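Trainee: Could we go through this one together? I would like to start with the fold and then move on to the contact between the chains.

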Amino acid sequence: MATIKIPPVLRPSVGGEKEVQAEGGDVGAVLRALAEQHPATQQQLFGADGSLNRYVNVYLNDEDVRVLDGLDTAVGETDTLVILPAMAGGAF
Amino acid sequence: MSPSGAEVIRKIRSEVEEVDPADVKATLSNGNGIVLLDVRESEEWDAGHIPGAKHVPRGYLESRVEAAIGADRDQRVVIYCASGQRSALAANTLKNLLGYENVASMNGGITLWKDRGYEVEKPVVLTPQQRERYSRHLLVPEIGLEGQTKLLNAKVLLLGAGGLGSPTALYLAAAGVGTLGVVDDDEVDLSNLQRQVIHTTDRIGTPKVDSAEIAINGINPDVNVVKYKTRLDASNIMEIIDGYDVIVDGVDNFPTRYLLNDATVRLGIPVVSASILGFDGQLSVFKPHDGPCYRCLYPVPPPAELAPSCGANGVLGVLPGTMGLLQATEVVKLVVGAGEPLIGRLLLYEALGATFTELKVRRDPECPICSIDPSEIDESQLGVFPDYEAFCAAAG
């Protein structure tokens with residue numbers, strides 16, 4: 001099962017966990033499995049048409065899946081997916 | 001009977017390859033890659049040296065030469081001193097003890113070089129106080145006098161004298177960055193002091209730019225502080241950032257981050273960017289056209305409910321210190337030209353787990369800003385992104 005690193009803004013949607021496990025043979029399948037386990041993430045990750053929201057970056061290990069095969073990128077058992085929305089906090 | 005010193009030197013000089021200054025000059029002006037190494041004492045170096053030369057006093061040769069010229073044993077190295085004697089001995093050491101294969105000594109040294117009328121560079125001379133203040137920098141080969149001079153001549157702009165800007169400003173001031181611009185329209189508040197370490201309890205109510213100036217000059221009177229008591233926006237950004245060498249981004253909202261990105265890509269100014277939330281931090285360096293820009297990483301901002309600011313959500317007080325000092329480190333590296341800056345890489349820090357994660361950031365060949373000629377970035381385009389109005393309205 002692949003490991004998914006959850007960013008701070010999504011942690012409340014997965015019971016506060018920093019990492020969760022999900023099954024799937026490619027990036028899309030793993031993320032859909034995540035959304036099934038934790039329905040609150042569905043709307044944050046996917047648009048109404050089922051595509052990944054543009055403001056969510058997903059990395060397979062250290063590589064952006066946009067430069068791989070996107071949601072079709074194959075995921076192995078020991079791979080880690082990193083979900084990364086932009087953060088803006090700083091000067092405050 | 002043991003040979004005399006003069007005999008040893010004669011013997012070594014006969015075994016070392018010696019080259020004429022004219023040949024060295026010709027090779028340098030051809031742009032052929034040779035490393036020129038000055039092995040004289042620091043005082044002699046300060047009085048004038050050949051432009052582009054590296055400096056390691058002969059007494060430190062074995063311990064410092066690799067850091068100064070690199071570990072490549074096949075590169076062409078030409079060594080000089082005042083007359084050609086110490087350089088021959090140093091060449092002998094480099095070749096026979098350290099294994100540099102392609103080493104020569106410049107005959108006649110810098111004395112003959114100068115007699116021929118060739119160019120000599122005289123470095124900025126530090127005052128005795130500056131020499132003492134920056135002595136720990138001068139001892140690091142990657143910085144040294146050359147790097148310290150660059151720092152003293154550098155102009156760095158800090159966006160915000162808040163959580164991230166506080167530690168960055170303090171350390172850049174201590175490092176001797178010559179000009180520190182500070183943009184902040186806020187006043188010091190009691191709730192800031194849990195993390196904004198540049199401010200103090202007795203300066204609550206004081207404009208942050210004034211409070212920061214007091215702290216910076218208290219550490220280092222060498223630093224010229226330029227204060228901008230304003231918020232960065234489309235109407236003032238080009239005027240404020242123009243002329244700075246590096247910008248430190250610690251702003252608290254997406255519209256300003258996009259605006260800053262677009263303006264800095266247009267002007268070709270590198271940005272050291274960090275953001276923080278809770279126990280998590282992100283850091284990257286956006287150097288226009290050498291690597292991706294902020295829009296390549298984040299083409300569109302998240303909706304407001306997924307983009308909380310620290311003010312609303314809280315942050316570990318130490319975290320901006322950690323991330324701000326990583327920013328300060330990247331600034332010094334960019335100014336001095338040392339190491340591998342965090343260009344094209346995003347560093348994530350998670351304080352509770354004490355973990356660092358590094359991700360690759362690629363240039364987007366279709367990036368609306370950094371894929372076009374900078375002169376074609378129109379002022380009306382700066383900071384614009386889809387649904388900007390809606391985003392700002394939702395963010396309040």
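Trainee: What pattern does chain A follow, read along the sequence?

Mentor: Chain A reads β-β-α-α-β-β-β, where helices (H or I, at least four residues) and strands (E, at least two) are DSSP runs numbered from the N terminus. This is a predicted model, in which local features need pLDDT of at least 70 and side-chain atom pairs count only at pLDDT 80 or more, while totals for chains, interfaces and linings use all residues. Residues are numbered from 1 along each chain as its sequence is written, and chains are lettered from A and ligands numbered from 1 in the order in which they are written.

Trainee: In which order do the strands of the sheet in chain A come?

Mentor: The open sheet of five strands has the order S2-S1-S5-S3-S4 with mixed pairing, two strands being paired if DSSP finds at least two bridges between them. Strand S2 (19-22) and strand S4 (63-64) of chain A each have a single partner strand, so one side of each lacks a neighbour in the sheet.

Trainee: And how many bridges join S1(A) to S2(A)?

Mentor: Four bridges join strand S1 (residues 2-5) of chain A to S2(A), and the two run antiparallel; within S2(A), Gln21(A) is the bridge partner of Thr3(A).

Trainee: Which helix packs on that sheet?

Mentor: Helix H1 (residues 27-37) of chain A does, touching S1, S2, strand S3 (56-60) and strand S5 (80-85) of chain A. Contact here requires C-beta atoms, placed from the backbone, to lie within 7 Å.

Trainee: Changing topic, how many residues does each chain bring to the contact?

Mentor: Chain B brings 38 residues and chain A brings 20 residues. On the side of chain B that touches chain A, helix H13 (254-267) and strand S10 (271-277) are among the elements that each supply at least two residues.

Trainee: What comes after H13(B)?

Mentor: Gly268(B) follows H13(B), with a positive phi near 70°.

Conventions
Two residues are in contact if their C-beta atoms, placed from the backbone, lie within 7 Å. Axes are lines fitted to C-alpha atoms, for helices over the stretch in contact, and angles run from 0 to 180 degrees between N-to-C directions.
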